[in-house]
Amino acid sequence: MPTMKKQLESEYITSVSSEHRKKYGQFFTPKHISDLMAKWVTKDLAKGATILDPAVGLGVFIRSMKEQLTAGQQRNVTFFGYEIDRKILDYFAAHLDDTNITIFHEDYLTSNWKNTYDAIICNPPYLKFHDYEDKDTLLKIVSEEMNLELSGFTNIYTLFLLKALHQLNHGGRAAFIIPSEFLNSDYGKQIKQYLLDSKLLKFVVILDFTTNWFEDATTTSALFFFEKKNPKDFIEFINIDSKEKLERTESYISKYPEQPRLGNTVALTDIDINKKWRIYYQGENSSKYKNLKAFSNFAKASRGIATGANEFFKFNKTKQAQYQIANQFLIPCLTKAVQVDKNFFTTDDFNNLWENDKHVKLLNAYTKDLHDENLKNYIKYGEKLGYHERYLTKNRNPWFKNETREPAPILVGVFNREKIKFIRNEANVVNLTTFHCIYMLPMYDEYTNVLMAYLLTDVAQEILEDSRREYGRGLKKFEPNDINTSLVIDLDSLTTEQIQFITDIYQVLREKQLNGAEITMELHTLNKFFKSLLVI
């Protein structure tokens with residue numbers, strides 16, 4: 001048994017910077033979760049078995065597995081680990097005294113693809129491809145070894161998962177903990193198809209997203225359990241939302257497959273990679289409603305402006321005066337979600353923000369504008385500070401020219417904890433990525449207020465929940481495509497009289513909210529009306 005200081009992870013966290021841990025995507029697995037995973041991979045290990053942790057970190061899984069194994073079993077298995085970060089590896093090695101553990105200071109994703117193992121357990125780094133130094137080489141390796149062409153929008157943790165399954169011996173088991181957003185993302189489609197085709201995935205344990213299972217990260221979590229034998233034609237989904245359910249899951253795993261199934265089993269033929277897999281463990285709200293069509297039939301959602309250097313491009317009144325930037329080079333822009341506290345944003349609201357020195361204007365300049373000396377000097381100032389070398393700006397020509405966006409009639413908050421925030425953009429301003437833009441299709445322009453009225457209702461919010469992505473502590477996120485593929489009331493099904501009724505209530509609601517009055521009654525009326533059109 002290795003000699004470990006108590007609370008090794010806590011000591012490490014206090015000894016290194018958060019920037020360092022973020023660079024390597026280091027989030028440490030809670031002990032009760034690592035124990036759960038260890039029970040799965042260590043059951044029925046044969047003599048001479050090999051066990052791999054592809055992202056060993058501080059060895060929490062090795063500690064958990066050794067607690068599951070007898071002293072004799074420990075002597076008859078060999079542990080292997082990979083770690084790319086020298087700092088954490090040295091910290092782990094300083095607290096390690098064990099002869100049957102071999103740690104490689106190498107990048108697991110590019111090393112030793114021909115090796116195989118009897119058990120694999122992992123909490124991979126949570127990094128996107130653009131954080132990886134040589135992603136083209138990595139994609140080529142994965143393509144050659146596994147004959148998979150992957151999207152450049154994927155996350156590094158999915159590559160750890162794919163390689164590990166590729167290296168799992170027949171009869172072996174694997175357990176991974178990764179963000180459950182993977183189940184509900186577009187980039188996960190190819191990986192989900194691989195999981196269906198391989199039939200290795202036995203069950204998925206989803207850790208309820210309103211509970212934060214990681215102390216140092218806001219992330220969702222899901223446990224994936226694999227076995228390379230006895231292929232099943234279904235996957236079992238287990239949703240853990242309490243300590244009691246966790247204990248029942250621990251018992252289930254230790255006796256699998258002898259106990260009755262604990263979660264919701266779904267036949268592989270019934271699982272759709274194009275859908276968010278949340279519906280297989282939480283259900284689908286839209287299934288109880290009719291008269292629904294895809295959002296994209298009536299409007300299109302797209303992200304807001306990504307500047308690549310908000311601190312350079314954003315202006316308030318003081319900053320404009322300081323650098324003497326002319327009004328013609330600045331455009332009105334919402335830059336933060338907190339700048340809007342109602343469902344309607346008017347020209348008066350914008351003017352109030354500007355007069356209160358909020359950053360609600362955006363630099364909007366072109367090369368031809370550099371005849372203006374003040375603007376030219378500000379651009380030079382930005383280059384002196386290196387803003388032109390940022391990830392986004394260095395790929396633009398000129399680097400200080402922002403993306404072009406027309407003001408959207410409706411805005412939607414990207415992140416939400418309770419209701420999804422929709423805003424009627426009456427001030428006709430542009431917005432940064434804190435909001436998504438909703439543009440009506442030309443033939444549905446006249447339905448803008450009708451759609452806005454619908455989106456404010458509880459029934460609309462309930463149906464849209466099917467398309468959300470989940471993060472820790474109850475945080476929800478929508479990407480533009482989540483909105484575009486979500487379901488809304490069929491606007492074509494509305495009669496002239498119904499449209500007039502909706503519009504009348506909407507106008508009353510608008511006036512009351514802008515005047516600071518309560519709008520509960522109007523929202524109730526709209527919700528009751530729309531629900532009457534939708535309930536099956």
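User: Which elements cover the buried residues of α3?

Analyst: The cover over the buried residues of α3 includes α4 (60-68), β4 (117-122), β5 (168-178), β6 (201-207), β7 (221-227) and α10 (243-255). Contact here means heavy atoms within 4.5 Å. Helices (H or I, at least four residues) and strands (E, at least two) are DSSP runs, numbered from the N terminus. This is a predicted model: local features need pLDDT of at least 70, side-chain atom pairs count only at pLDDT 80 or more, and totals for chains, interfaces and linings use all residues. Residues are numbered from 1 along each chain as its sequence is written, and side-chain values use heavy atoms, with hydrogens and water left out.

User: Which residues of α3 are buried?

Analyst: Buried means under 20% relative accessible area, exposed over 50%, and partly exposed in between (1.4 Å probe, protein chains only). In α3 the buried residues are I33, S34, D35, L36, M37, A38, W40, V41 and T42. That is nine of the twelve residues, so α3 is largely enclosed by the rest of the structure.

User: What span should helix α3 have?

Analyst: The expected span of a helix is 1.5 Å times one less than its number of residues. For the twelve residues of α3 (residues 31-42) this gives 16 Å, and the end C-alpha atoms are 16 Å apart, which agrees.

User: How do the axes of α3 and α4 cross?

Analyst: Two packed helices are described by the angle between their axes and the distance between the axes. Axes are lines fitted to C-alpha atoms, for helices over the stretch in contact, and angles run from 0 to 180 degrees between N-to-C directions. The axes of α3 and α4 come within 8 Å and cross at roughly 60°. Angles under 35 degrees count as roughly parallel, over 145 as roughly antiparallel, 65 to 115 as roughly perpendicular and the rest as oblique. The two helices, α3 and α4, are therefore oblique to each other.

User: Is the crossing of α3 and α4 left-handed or right-handed?

Analyst: A crossing is left-handed if the near helix is turned anticlockwise from the far one by less than a right angle, and right-handed if clockwise. For α3 and α4 the crossing is right-handed. On the α3 side, K31, S34, D35, M37, A38, K39, V41 and T42 meet V60, F61, S64, M65, E67 and Q68 of α4. Sorted by class, this contact has six nonpolar, four polar and four charged residues. Ala, Val, Leu, Ile, Met, Phe, Trp, Tyr, Cys and Pro count as nonpolar, Asp, Glu, Lys and Arg as charged, and the others, Gly among them, as polar.

User: Where is K66, and is K66 buried or exposed?

Analyst: K66 belongs to helix α4. Its relative accessible area is 2%, so K66 is buried. K66 and D35 are 31 residues apart in sequence, and their C-alpha atoms are 10.0 Å apart in space.

User: At what angle do α16 and α19 cross?

Analyst: Helix α16 (residues 448-455) and helix α19 (residues 496-514) have axes that come within 9 Å and cross at roughly 70°. That makes α16 roughly perpendicular to α19. Their crossing is left-handed. The α16 residues N449, V450, M452 and A453 meet I499, I502, T503, Y506 and Q507 in α19. This contact divides into six nonpolar, three polar and no charged residues.

User: How many residues of helix α8 are buried?

Analyst: Ten of the eleven residues of α8 (residues 156-166) are buried, so α8 is largely enclosed by the rest of the structure. They pack against β4, α7 (135-146), β5, α9 (189-198) and β7.

User: Which residues have a positive phi, and where do cis peptide bonds occur?

Analyst: Most residues other than glycine have a negative phi, and most peptide bonds are trans. D44, in the loop between α3 and β1 (50-53), has a positive phi near 60°. D44 is exposed, with a relative accessible area of 68%. N147, in the loop between α7 and α8, has a positive phi of about 55°. N147 is exposed as well, at 67%. The peptide bond from Y256 to P257 is cis, with omega near 0°. Another cis bond joins N397 and P398, with omega about -5°.
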